[in-house]
Amino acid sequence: MAGSVHCRCGELLVDEVTSAGVTPTGGAPIPFRRTTDYVVCPACHSVYQVDVLRGDRPVEDSLVGTAAEGESLVETLERLLESGGDPGDGR
Ligand SMILES: [Zn+2]
């Protein structure tokens, strides 16, 4: 449901997830877009699919993978999504 989401490591991931977008910790709300449909934990660099966080599913279900040291989010996603197959259309 809407509300703050915590990483599996306990770190606060986003302040709020709504149907319109996410509010990152200490940041301004970000409307959902394909390229911003992921959030990265600032502590352990786990990458989550925000689309899943929006629902009632546990945070583990939205875990895409973990960013490597020095890797940009785009690079991480390209690597993870390539190996993981079709991520779906956000449905
Ligand atoms: Zn974490």
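Tyr38 has Gln49 as its bridge partner in β6. Before going further, please note that this is a predicted model, in which local features need pLDDT of at least 70 and side-chain atom pairs count only at pLDDT 80 or more, while totals for chains, interfaces and linings use all residues. Residues are numbered from 1 along each chain as its sequence is written. Helices (H or I, at least four residues) and strands (E, at least two) are DSSP runs, numbered from the N terminus. Two strands pair if DSSP finds at least two bridges between them.

β5 and β6 are antiparallel and are joined by 3 bridges. They make a hairpin with 5 residues between the strands, and His45 in that turn has a positive phi of about 65 degrees. On to the next neighbour: strand β6 (residues 46-49) is also joined to β7 by 3 bridges, again in the antiparallel sense. Within this pairing, Ser46 has Thr66 as its bridge partner in β7.

Put together, 3 strands form an open sheet, ordered β5-β6-β7, with antiparallel pairing. β5 and β7 (63-66) are the edge strands; each has a single partner strand, so one side of each is left without a neighbour in the sheet. From one strand to the next the twist averages 20 degrees (axes are lines fitted to C-alpha atoms, for helices over the stretch in contact, and angles run from 0 to 180 degrees between N-to-C directions).

## The four-stranded sheet

Another open sheet has 4 strands in the order β1-β2-β3-β4, with antiparallel pairing. Here β1 (3-6) and β4 stand at the edges with a single partner strand each, so one side of each is left without a neighbour in the sheet.

β2 and strand β3 (residues 21-24) pair in the antiparallel sense over 3 bridges, and they form a hairpin with 3 residues between them. Two facing pairs are handy landmarks: Val17 stands opposite Val22 in β3, and Val14 stands opposite Pro24 in β3. β3 in turn pairs with strand β4 (residues 30-31), antiparallel and over 2 bridges; there, Gly21 has Pro31 as its bridge partner in β4. This β3-β4 hairpin has 5 residues between its strands, and Gly26 in the turn has a positive phi of about 70 degrees.

## The core and Leu53

Which residues have the most contacts inside the largest nonpolar core? They are Leu13, Val14, Val17, Val39, Tyr48, Val50 and Leu53, in a core of 16 residues. β2 (12-17), β5 (38-40) and α1 (50-53) each supply at least two residues of this core. A nonpolar core here is a set of buried Ala, Val, Leu, Ile, Met, Phe, Trp, Tyr and Cys residues joined through C-beta atoms within 7 Å.

Is Leu53 buried or exposed? Leu53 is buried, with 23 other C-beta atoms within 10 Å; a residue is buried if 20 or more other C-beta atoms lie within 10 Å of its own, exposed if 12 or fewer, and partly exposed in between, with C-beta atoms placed from the backbone. Leaving aside neighbours within four places in sequence, Leu53 is in contact with Val5, Val17, Tyr48, Val59 and Ser62 (two residues are in contact if their C-beta atoms, placed from the backbone, lie within 7 Å). Leu53 and Val22 are 31 residues apart in sequence, yet 9.7 Å apart in space, C-alpha to C-alpha.

## The chain as a whole

The chain has 2 helices and 7 strands, and from the N terminus on its elements run β-β-β-β-β-β-α-β-α. Of its 91 residues, 23% count as buried. Among contacts between residues at least 6 apart in sequence, 34% join residues at least 24 apart.

## Confidence

The mean pLDDT of the chain is 79, and 85% of its residues reach 70 or more; pLDDT is the predictor's confidence in each residue, from 0 to 100. Confidence is lowest in α1, at a mean of 75, and highest in β6, at 88. Where pLDDT is low, the predicted coordinates should not be read in detail.
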